Amino acid sequence: MGTYSHRLLLASSYRVRDPRRRTDGCYGDSCSCASADAPNMAAAAAARAVSVGPGLRGLQGTLPLVVILGATGTGKSTLALQLGQRLGGEIVSADSMQVYEGLDIITNKVSAREQRMCQHHMISFVDPLVTNYTVVDFRNKATALIEDIFARDKIPIVVGGTNYYIEALLWKVLVNAKPQEMDTEKVIDRKVELEKEDGHVLHKRLSQVDPERAAKLHPHDKRKVARSLQVFEETGISHSEFLHRQQAEEGGGPLGGPLKFPNPCILWLHTDQTVLDERLDKRVDDMLAAGLLDELRDFHRRYNQKKVAENRY
């Protein structure tokens with residue numbers, strides 16, 4: 001059924017497609033169609049698509065990695081919670097903002113009660129005032145969690161959020177570049193140092209060591225230009241060469257390397273735009289009523305206190 005063996009749920013209101021938009025044809029070996037007008041029906045249909053029975057427990061290779069994607073407000077967290085309860089799974093958040101401690105309202109984290117209903121991971125463990133948290137950090141921690149969940153004969157349910165984070169979990173697409181040690185207490189993040197330089201200067205430097213990559217990036221895209229320079233400086237191999245090697249691996253393709261988990265079930269949720277607009281309007285009202293402005297003022301105060309303290313030294 002194609003190089004990338006996905007198992008996808010196709011539902012009338014939950015149109016599913018591959019998040020990397022690969023072009024190798026049909027996905028997966030099992031699809032079912034069901035009405036998704038009600039969340040419970042969607043969860044039931046998704047549970048049938050996953051197709052896990054008692055006879056499959058203990059066989060890690062057959063357990064699926066469930067992934068729920070979709071725009072803000074499409075019901076990802078609700079569906080993940082329902083699936084987690086039906087399948088006895090555990091939820092792995094793939095939201096780049098929900099990793100941070102505090103800011104619960106603005107990032108729309110699931111409530112403490114919902115977290116007690118089903119085990120959640122990757123929420124509220126990074127101090128936003130201290131840590132420079134990256135997609136590589138996320139991938140490493142989340143991958144270990146998923147492997148642990150599989151080892152306990154349970155189904156991991158990844159829900160997000162941030163598609164780049166999910167891509168890093170599903171496919172081999174990242175290049176490891178370790179920070180350089182500065183002394184016993186600090187490390188230098190070369191990418192952060194590079195981003196302080198002028199974008200056009202960085203782009204010219206990249207064009208000298210990796211012209212193929214430079215041709216694909218605009219000088220104003222300083223973050224990506226700096227990342228590609230970091231890869232070359234710390235490995236001696238161009239970013240383009242790393243990408244070509246990944247694509248050439250068995251199961252790789254034009255958009256990246258092979259799948260990291262053999263049996264993913266990817267659900268991409270969509271909602272009628274009118275319904276979505278009304279839902280998001282209500283969410284903002286609910287956030288304000290829950291104390292959003294106080295939460296932001298508190299964060300702003302702590303951020304300024306930290307900056308003042310840093311400038312004293």
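Mentor: Among contacts (heavy atoms within 4.5 Å) between residues at least 6 apart in sequence, 71% join residues at least 24 apart. Keep in mind that this is a predicted model, in which local features need pLDDT of at least 70 and side-chain atom pairs count only at pLDDT 80 or more, while totals for chains, interfaces and linings use all residues. Residues are numbered from 1 along each chain as its sequence is written, and side-chain values use heavy atoms, without hydrogens or water.

The protein has 12 helices and 10 strands (DSSP runs numbered from the N terminus: H or I of at least four residues for helices, E of at least two for strands). Of its 313 residues, 43% are buried, meaning under 20% relative accessible area with a 1.4 Å probe, protein chains only.

Let's settle on strand β5, residues 90–93. In a regular strand, side chains alternate between the two faces of the sheet. Here both faces are covered: Glu90 and Val92 are buried on one side, Ile91 and Ser93 on the other.

Now its partners. β5 pairs with β7 (residues 156–159) in the parallel sense over four bridges; pairing takes at least two DSSP bridges. In that pairing, Ile91 stands opposite Ile157. β5 also runs parallel to β6, joined by two bridges, and there Val92 faces His121.

Finally, follow the chain: β5, helix α3 (residues 112–117) and β6 form a right-handed β-α-β unit. With the strands pointing away from you, the path from the first strand over the helix to the second runs clockwise.

Conventions
Buried < 20%, exposed > 50% of the residue type's maximum accessible area, 1.4 Å probe, protein only.
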